[in-house]
Amino acid sequence: MKEPLKSKLAGMLEVVYPDLDSGFLAEKLLKTMGLAPNQEPPPAHQNNWDASDIVLITYADTVRRADEKPLVTLRGFLNDCLADTVSAVHILPFFPYSSDDGFSVMDYLAVNESHGNWDDIERIAGDFKLMADLVINHMSARSRWFENFRKRVDPGKDYFFEASLSDDLSAVVRPRTSPLLNPVMTEDGERYVWCTFSEDQVDLNFANPRVLSEFVSIIRKYLERGVVMFRLDAVAFLWKEPGTPSIHLQQTHELIKILRLLIEHHSPRAVVITETNVPNRENLTYFGNANEAHAIYNFSLPPLLIHTLVTGNCRHLKTWLMSMPPAQMGTTYLNFIASHDGVGLRPTDGLLTEDEKQGLINAMESFGGKVSYRRTEDGRDQPYEINIALYDALKGTVKGGADHWQLQRFICAHAVMLALEGIPAFYIHSLLATENDYERAEHTGRLRSINRGQWKLESIESELANPLSHHSEVFKELKRLIAIRRRQPAFHPNATQFTLHLGLQLFGFWRQSMRRDQSIFCIHNISDEFQEVALSDINLIGTDQWVDLISGLRVDDLSGSLTLKPYQSVWLSNRE
């Protein structure tokens, strides 16, 4: 009997584990996932998304109500306020953890009791597509696995990556300034464990195939609980090898392909998303040949778009957009401009000059932001990310400082994101226009906490009911724009996109539906001055009727022009 799935999997495993019996390991992994060796593959290049897909990013406990588990409160908020707005919810790590707001996982198979339980997770998964984190690179130093590592017993005794102080680690790419190796006392004496992110987040050892088997088992359980979107956290660092940069190694890419193969055979509509906060060209490699990530985080978008709006100049954003390859069918970009992390600066490498980066940093610091650093190969500390709430990041300009255009600038940023090729993802604090939370940052001692605040549900309800509140203004307008976007075939994540050349103060691009029956010209004034655009410059077809989907304005004279107010966006469409 032919066993094409087993044969394909074994070939991939042989690249990662050349000294093992890949056929035996393939059989074991298929059994773990409940798959037959001859199982039929899902359709190739299948788009598991459409124009209606909008992702919300939130912690389990961002919205709280007294005497109620946060996951219960979150589900109520989602259904009461966002049921007609978002299609998918990314709940950031909801497992027991020891640090980093969930990203130092102690138990992958348990729900943090303070948040709720698996039933609560499944109920949310029944209402929305559920995205969960697979925190796959590292685990808590307080986990049972790591305690077993210290005791040298299974499971865990060889699950974590060890190195020696004599190893050549000079080329290792670091995202932090903390020590890479940390001493740990074990039953066999002192050992040095590899910690990419912090002493409490010890890197797992995927050179041990048992670790891969453990994660395949974890993935199956997540699928059974309703997870259909997997965010592979910090996956670029997965495979470590002294004497190399230990980032983006071939084995890492192969392991992602292996996980995708197993996930999509179990659940053909599931989606694998890689989280790789790295320079743009490196990030794009995680598409593979449409056989690796279904979607990649579009990490260059947040810093470039913020830079564009605070400088009033779209040159770099436009240059970047023109260089971005259209995603193959079956793959797409996940577009975001704010998340639980800061605004990454590494994705601007090769896109902004050092002076421009420093100008951006200076502006963000003047708006209340903070800067986190990483350690470079030559031992220097270099800015790694800006920690700031997006609403505060857009409160002014580089030249003029804070001004009265903050709300309009903020809405403009999201109008751009909503119209771009890819799936839009909204951090909950952007939908609510939350400001910098200095108290939380001081309480936790972590700069990232400035954008990880918590809301009492009663406070949200009060602010959203107040028509004079900026929280209410932003929430209503973003919901309105999202509703418009979700109805447009030309905003399908894989619909055609071309960049328009309208000068440096107008950022524009053209989207065309996959059936070619709708065109939308998306034009955004990214400056604090009125801008005029000649309609002849955007080639509107004379036989069509054109309307701005945002304002409802009908365009009859194609030889005329449009005047855009500061930070105004127009979506000119030939159909409503």
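This is a predicted model: local features need pLDDT of at least 70, side-chain atom pairs count only at pLDDT 80 or more; totals for chains, interfaces and linings use all residues.

Colleague: How are two packed helices described?

Modeller: Two packed helices are described by the angle between their axes and by the distance between those axes. Here, helix 3 (residues 70-81) and helix 4 (residues 118-127) have axes 9 Å apart at an angle of about 15°. Angles under 35 degrees count as roughly parallel, and helix 3 and helix 4 are therefore roughly parallel to each other. Their crossing is left-handed.

Colleague: Which residues of helix 3 and helix 4 meet?

Modeller: Helix 3 contributes Leu71, Val72, Leu74, Arg75, Leu78 and Asn79, and these meet Asp120, Ile121, Arg123, Ile124 and Asp127 of helix 4. By class, the contact of helix 3 with helix 4 comprises six nonpolar, one polar and four charged residues.

Colleague: At what angle do helix 2 and helix 6 pack?

Modeller: Helix 2 (residues 22-33) packs against helix 6 at about 20°, with the axes 9 Å apart. That angle makes helix 2 roughly parallel to helix 6. The crossing of helix 2 and helix 6 is right-handed. On the helix 2 side the contact is made by Leu25, Lys28, Leu29, Lys31, Thr32 and Met33. On the helix 6 side it is made by Pro209, Leu212, Ser213, Val216, Ser217, Ile219, Arg220 and Leu223. The contact of helix 2 with helix 6 divides into eight nonpolar, three polar and three charged residues.

Colleague: How do the axes of helix 9 and helix 13 cross?

Modeller: The axes of helix 9 (residues 301-311) and helix 13 (residues 406-419) come within 11 Å and cross at roughly 135°. Helix 9 is therefore oblique to helix 13. The crossing of helix 9 and helix 13 is right-handed. Leu301, Leu305 and Leu309 of helix 9 make the contact with Arg409, Cys412, Ala413, Val416 and Met417 of helix 13. In this contact of helix 9 with helix 13, seven residues are nonpolar, none is polar and one is charged.

Colleague: Turning to sheets, what is the strand order in the open sheet of three strands?

Modeller: The order is 14-16-15, with antiparallel pairing. Strand 14 (343-344) and strand 15 (370-375) each have a single partner strand, so one side of each is left without a neighbour in the sheet. Two bridges join strand 14 to strand 16 (residues 381-387), and valine 343 has isoleucine 386 of strand 16 as its bridge partner. Helix 11 (residues 354-366) packs on this sheet, touching strand 15 and strand 16, and its direction makes about 45° with that of strand 16.

Colleague: Which strands are at the edges of the open sheet of six strands?

Modeller: In the order 21-22-23-28-25-26, with antiparallel pairing, the edge strands are strand 21 (496-500) and strand 26 (554-555). Strand 25 (residues 546-548) is joined to strand 28 (residues 569-573) by two bridges, and valine 547 has serine 573 as its bridge partner. Helix 10 (residues 315-323) lies across strand 21 and strand 22 (506-512), running at about 145° to strand 21.

Colleague: How many aromatic pairs does the structure hold, and why is the pair of tyrosine 108 and phenylalanine 215 edge-to-face?

Modeller: The structure holds 26 aromatic pairs. The rings of tyrosine 108 and phenylalanine 215 have centres 5.1 Å apart and planes at 65°, so the pair is edge-to-face. This pair links distant parts of the chain, 107 residues apart. Tyrosine 108 lies in the loop between strand 3 (88-91) and helix 4, and phenylalanine 215 lies in helix 6 (residues 209-224).

Key. Residues are numbered from 1 along each chain as its sequence is written. Side-chain values use heavy atoms; hydrogens and water are left out. Axes are lines fitted to C-alpha atoms, for helices over the stretch in contact, and angles run from 0 to 180 degrees between N-to-C directions. Helices (H or I, at least four residues) and strands (E, at least two) are DSSP runs, numbered from the N terminus. Angles under 35 degrees count as roughly parallel, over 145 as roughly antiparallel, 65 to 115 as roughly perpendicular and the rest as oblique. A crossing is left-handed if the near helix is turned anticlockwise from the far one by less than a right angle, and right-handed if clockwise. Contact means heavy atoms within 4.5 Å. Ala, Val, Leu, Ile, Met, Phe, Trp, Tyr, Cys and Pro count as nonpolar, Asp, Glu, Lys and Arg as charged, and the others, Gly among them, as polar. Two strands pair if DSSP finds at least two bridges between them. Rings of Phe, Tyr and Trp (its six-membered ring) pair if their centres lie within 6.5 Å; planes under 30 degrees apart count as stacked, over 60 as edge-to-face and the rest as tilted.
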